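Dear colleague,

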Amino acid sequence: MIESPAAPSRMPASMRWHRLWMRFRRLPPVTAAFETALIVLGVVALLVLLPHHVDKDGYDRYQALSALLGHGRILDTKYSLIGPLFSAPLWYAGRALGLPYDGVGVYNWLVFAVGLACLYALLKDRMDRRTLRAFLLLLIAGSMFPNHLTNYFGEVFTAMAVGVGLIAAQVGRPRLGWAAVALGVANMPAALPALALVVLVRIVQTHRPRYSLVVVLALALIGAENWIRRGSPLATNYENGFTEPFLIGLLSILFSFGKGLLFFAPGLLLPVRGVLAGLAEGTRRLLGTTHLLWVVFLGGLVLVYARWWAWYGGWFWGPRFFLIAGLPACLALALRLRPARWPSLLGDIATLGALTLSVWVGINGAVYDQNTLFDICHRDNYAYEFYCHYLPGYSVLWRPFTVPDPIDWHGALFIVYAAVVFVYLAAPVARRIASELYGWLRLLVPITGSASAGSRVPRH
């Protein structure tokens, strides 16, 4: 007689629950999944909800690229072709689809998205990932980047190439990192003195003079482009523009209501030494050096453009040439959003204020731009343009509060997204502030109660 195979015994319920629990534990934490989803959603929103066009200086870059790729001619324009050359695949794709401007119109968005991916890849195993995700969220919703992604200008390429390159050069990719830095600087030749300052800092820190070769590389790239396009390595088309009194330019770049860095990147005002002290030595060294080098590079740009006659960047929203300020400003904010080893009420209030203004900068640049200022600042051949630089009522940041500017559903959705990011990032700081205020009140209440009790007249 052939016996039938025994039916498999059922797994005990406790074991089944254990296996389910182990699978659940392998899933990413809820906070990590939510933050990652916010980052991905934000990158998509910057592509779908923001306008992407090619005009003003961006159109000049497009014309130069089109002349080179379409007709083999090299135009003698003053804007570098190094950054635009990387958009050649998008130029060909746009031409093939019959949408010549749309391809390069999204180029800066693509550079930004790739830059965020590189930042995450370089830093994910070298710093707290929650802080890293907060940093990326701030770049998306709380910086000047959203506005810069709407056109085909050159600042995004330089900011991301230099910003990411300086990190890569410290984490085991020195040749690739410094090559990216040199390309970013060659795309914006006025940044060469800023690179020289960064290299000087690295030489002092490491006692390695070979870092000076990075300046030589950037100078060679700039000279080669000038020679090919203009016949001389020294012909830049920028020789006669440094006519602004230095002090006026410096004060304007830092403090003017319509262009001032301290309004558009308030995280620059936040100290980070205290929060870095609580990190592991390797993380502290990497983030401290990175923040320092970003700030030094930014400082070099400020010193250079303080003498430039168009320090304000022409008809452009915000401080155009100083986009890289968003990197150290957002990193400082992300670090200070962490629970502090020694809580400070004033420090947390300053952090919350900087976060609030930063997210408003992101919303303002993405949604409002300069929509209600054209008639004022263009009047009589730009005779009143200084209104938009110096007067609070005509600043792009504050104009929406005084002059209504209707927004479409694209803008409304971006505001909702930025508001969600703000509430999520601000909640821990707000809780700390409330807890610290409650602690102060608990110290005051017993004293007040004792004083009141002692002042009573006993009854007989």
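**Pockets and their linings**

The lining of the second largest pocket comprises 18 nonpolar, 3 polar and 2 charged residues, where Ala, Val, Leu, Ile, Met, Phe, Trp, Tyr, Cys and Pro count as nonpolar, Asp, Glu, Lys and Arg as charged, and the others, Gly among them, as polar. The model is predicted: local features need pLDDT of at least 70 and side-chain atom pairs pLDDT 80 or more, while totals for chains, interfaces and linings use all residues. Residues are numbered from 1 along each chain as its sequence is written, and side-chain values use heavy atoms, without hydrogens and water.

A pocket is an open set of points on a 1 Å grid over the protein atoms alone, where a 1.4 Å probe fits, with protein on both sides within 12 Å along at least five of seven lines; lining residues have an atom within 4 Å of a point. Volume is the space filled by probe spheres set on the points, which are joined across faces, edges and corners.

The second largest pocket has a volume of about 570 Å³. Of its 23 lining residues, Val114, Cys118, Ala161, Val164 and Ala180 are the closest to its centre. The largest share of this lining, 8 residues, comes from α7; helices are DSSP runs (H or I, at least four residues) numbered from the N terminus.

The largest pocket has a volume of about 880 Å³. It is lined by 38 residues, of which Lys78, Tyr79, Tyr238, Tyr305 and Trp308 are the closest to its centre. α13 gives the most to this lining, with 6 residues. By class, the lining of the largest pocket has 20 nonpolar, 9 polar and 9 charged residues.

Yours sincerely

Note on methods: Helices (H or I, at least four residues) and strands (E, at least two) are DSSP runs, numbered from the N terminus.
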